[in-house]
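The following exercises are to be worked with the sequence and the coordinates at hand. Each task is followed by a solution in steps.

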Amino acid sequence: MKKSLVLLSGGIDSYVALALEKGAGFECSTLSFAYEGQPIPELRAIREISNRENVINYSIFHPSISFLGQSLPIRSFVPNNLLYYSMAVVFAGNNGFQRVVGGQNRDDFTYCSDAGNSFYESFNNLVKSYSFKDVQIFQPLLDKTKREVVELGLSLNLPLKITWSCEGRGPGTCGVCPNCTSRHKIFNDLGISLK
Ligand SMILES: [Zn+2]
């Protein structure tokens, strides 16, 4: 069975990506990035999702992630996919995984230039030049809007209420960050509540 390493942030997208990858028959583990000041609810979401899906969660603590976030708007820091996927691919290559799976959706590309198909195609070509050339990045949600991802998660009966998307530091959701705003709008539009 092929092994997949699914990047898990604790949010809806990565949870749906994990469920799809498991459903496709891959042996999955999750990889999360730990950083200084990481909100407790985010850590709890990562743990709960991994436990519920019965997969091992690996965590990489990378001080430079916190460093990059300092004095920058958090939007400029979060989509640093070049950094995240570089670490994930090396981890995967060194630990017998053939796929690195992310939960990037189509809406991400509207504010994040390293979230589109061309970025991942280029990245995969670059990875082929390394000794672990069998590792490839796979983005199953790249053609879906955020709303479509939520609908997909609901259709898979995933308990989306255990996810955490807020960019604040907790303990509760801030309600005003872009992720909270988007999440609330989609849930309102769909007429659902995750309370
Ligand atoms: Zn928020």
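**Exercise 1. Overall composition**

What percentage of the residues of the chain count as buried? State also which elements make up the chain.

Solution. The model is predicted. Of the 195 residues in the chain, 33% count as buried. The secondary structure comprises eight helices and five strands. Read from the N terminus, these elements follow the order β-α-β-α-β-α-α-α-β-α-β-α-α. Turning to contacts between residues at least 6 apart in sequence, 73% join residues at least 24 apart.

**Exercise 2. The setting of helix α1**

Determine the span of α1 and identify which of its residues are buried.

Solution. Step one concerns length: α1 covers residues 12–23, twelve residues in number. From first C-alpha to last, α1 reaches 16 Å, close to the 16 Å expected at 1.5 Å a residue.

Step two concerns burial. Nine of the twelve residues of α1 are buried, and the helix is thus mostly covered. The buried residues are Ile12, Asp13, Ser14, Tyr15, Val16, Ala17, Leu18, Ala19 and Glu21.

Step three concerns the surroundings. The buried residues of α1 pack against β1 (3–7), β2 (27–34), α2 (40–52), β4 (99–101) and α7 (146–155). Just after the helix, Gly25 adopts a positive phi of about 95 degrees.

**Exercise 3. The largest nonpolar core**

Which residues have the most contacts inside the largest nonpolar core, and which element supplies its largest share?

Solution. The core in question has 35 residues, and Ala88 and Val100 have the most contacts inside it. At least two residues each are supplied by β1, α1, β2, α2, α5 (81–94), β4, α6 (117–127) and α7. The largest share of this core, six residues, comes from α1. As general background, nonpolar side chains in soluble globular proteins tend to be buried together.

Leaving aside residues up to four places away in sequence, Val100 touches Leu5, Leu7, Tyr85, Ala88, Val89, Ala92, Val135 and Ile137.

**Exercise 4. Ile137 and its neighbours**

Why does Ile137 count as buried? List the residues that it touches.

Solution. Ile137 lies in strand β5, residues 136–138. Ile137 counts as buried because it has 22 C-beta neighbours inside 10 Å, and the cut-off is 20 or more. Residues up to four places away in sequence being excluded, Ile137 touches Tyr85, Val89, Val100, Gly102, Tyr120, Phe123 and Asn124.

Conventions
Residues are numbered from 1 along each chain as its sequence is written. This is a predicted model: local features need pLDDT of at least 70, side-chain atom pairs count only at pLDDT 80 or more; totals for chains, interfaces and linings use all residues. Helices (H or I, at least four residues) and strands (E, at least two) are DSSP runs, numbered from the N terminus. The expected span of a helix is 1.5 Å times one less than its number of residues. Two residues are in contact if their C-beta atoms, placed from the backbone, lie within 7 Å. A nonpolar core is a set of buried Ala, Val, Leu, Ile, Met, Phe, Trp, Tyr and Cys residues joined through C-beta atoms within 7 Å.
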